[in-house]
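This briefing goes through one predicted protein model, topic by topic. Keep the sequence and the 3D view open while reading.

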Amino acid sequence: MIDETGTRFVVLTFKEPEADPVIVTFTVPLFEKYATHLQTVAEAATDEANWDTSS
């Protein structure tokens, strides 16, 4: 999406069953940082050492 000033945004819609949709907008630079963060979290989630279940 591009607003009237020419700023570009990424628009995501999340919909849970039995709930209203939630719309989240990001400027492109913020979305890039968010996507990078998600990649880091996804990589950490695949590392068994991060799933300590002894506590």
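Rings of Phe, Tyr and Trp (its six-membered ring) pair if their centres lie within 6.5 Å; planes under 30 degrees apart count as stacked, over 60 as edge-to-face and the rest as tilted. By this rule, a search of the whole structure finds three aromatic pairs. The model is predicted, with local features needing pLDDT of at least 70 and side-chain atom pairs counting only at pLDDT 80 or more, while totals for chains, interfaces and linings use all residues. Residues are numbered from 1 along each chain as its sequence is written, and side-chain values use heavy atoms, with hydrogens and water left out.

**Aromatic residues**

- A pair of aromatic rings is described by the distance of the centres and the angle of the planes.
- The rings of Phe26 and Tyr34 are a stacked pair, because their centres are 5.2 Å apart and their planes are at 15°.
- Phe26, Phe31 and Tyr34 together form one aromatic cluster.
- Phe26 has a relative accessible area of 12%, so Phe26 is buried.
- Tyr34 is partly exposed, because its relative accessible area is 33%.
- Phe31 has a value of 25% and is therefore partly exposed as well.
- Phe31 touches Val10, Leu12 and Phe26, when residues up to four places away in sequence are not counted; contact means heavy atoms within 4.5 Å.

**Overall layout**

- The chain has one helix and two strands, and along the sequence they follow the pattern β-β-α.
- Helices (H or I, at least four residues) and strands (E, at least two) are DSSP runs, numbered from the N terminus.
- The chain has a radius of gyration of 17 Å, whereas a compact globule of 55 residues would have one near 10 Å.
- That radius is taken over C-alpha atoms, and the globule rule is 2.2 Å times the number of residues to the power 0.38.
- Along the principal axes, the C-alpha atoms fill a box of roughly 55 × 30 × 15 Å.
- Of the 55 residues in the chain, 2% are buried.
- Among contacts with a separation of 6 or more, 0% are between residues 24 or more positions apart.

**The loop between the strands**

- Asp20 lies in the loop between strand 1 (9-14) and strand 2 (22-27).
- Asp20 is exposed, because its relative accessible area is 66%.
- Apart from neighbours within four places in sequence, Asp20 is in contact with Phe14 and Lys15.
- Glu18 is also found in the loop between strand 1 and strand 2, and at 83% relative accessibility Glu18 counts as exposed.
- Phi of Glu18 is near 65°, which is a positive value in a residue other than glycine.

**Surface**

- The accessible surface of the chain is about 4,900 Å², and 58% of this belongs to carbon and sulfur atoms.
- Accessible areas come from the Shrake-Rupley method with a 1.4 Å probe; for residues, only the protein chains shown count as cover.
- Which residues make a nonpolar surface patch of about 320 Å²? They are Met1, Val11 and Ile23.
- Like charges are joined within 9 Å, and nonpolar side chains (Val, Leu, Ile, Met, Phe, Trp, Tyr) within 5 Å.
- Met1 is in the segment before strand 1 and counts as exposed at 59% relative accessibility.

**The helix and the segment after it**

- Phe31 lies in helix 1, and Thr46 lies in the segment after helix 1 (28-45).
- Thr46 is exposed, because its relative accessible area is 64%.
- Thr46 and Ile23 are 23 residues apart along the chain, and their C-alpha atoms are separated by 29 Å.
- Phe31 and Asp47 are 16 residues apart in sequence and 25 Å apart in space, C-alpha to C-alpha.

How values were computed:
Buried < 20%, exposed > 50% of the residue type's maximum accessible area, 1.4 Å probe, protein only. Patch = residues over 30% accessible without salt bridge, like charges linked within 9 Å, V, L, I, M, F, W, Y side chains within 5 Å. Salt bridge = Lys/Arg side-chain N within 4 Å of Asp/Glu carboxyl O.
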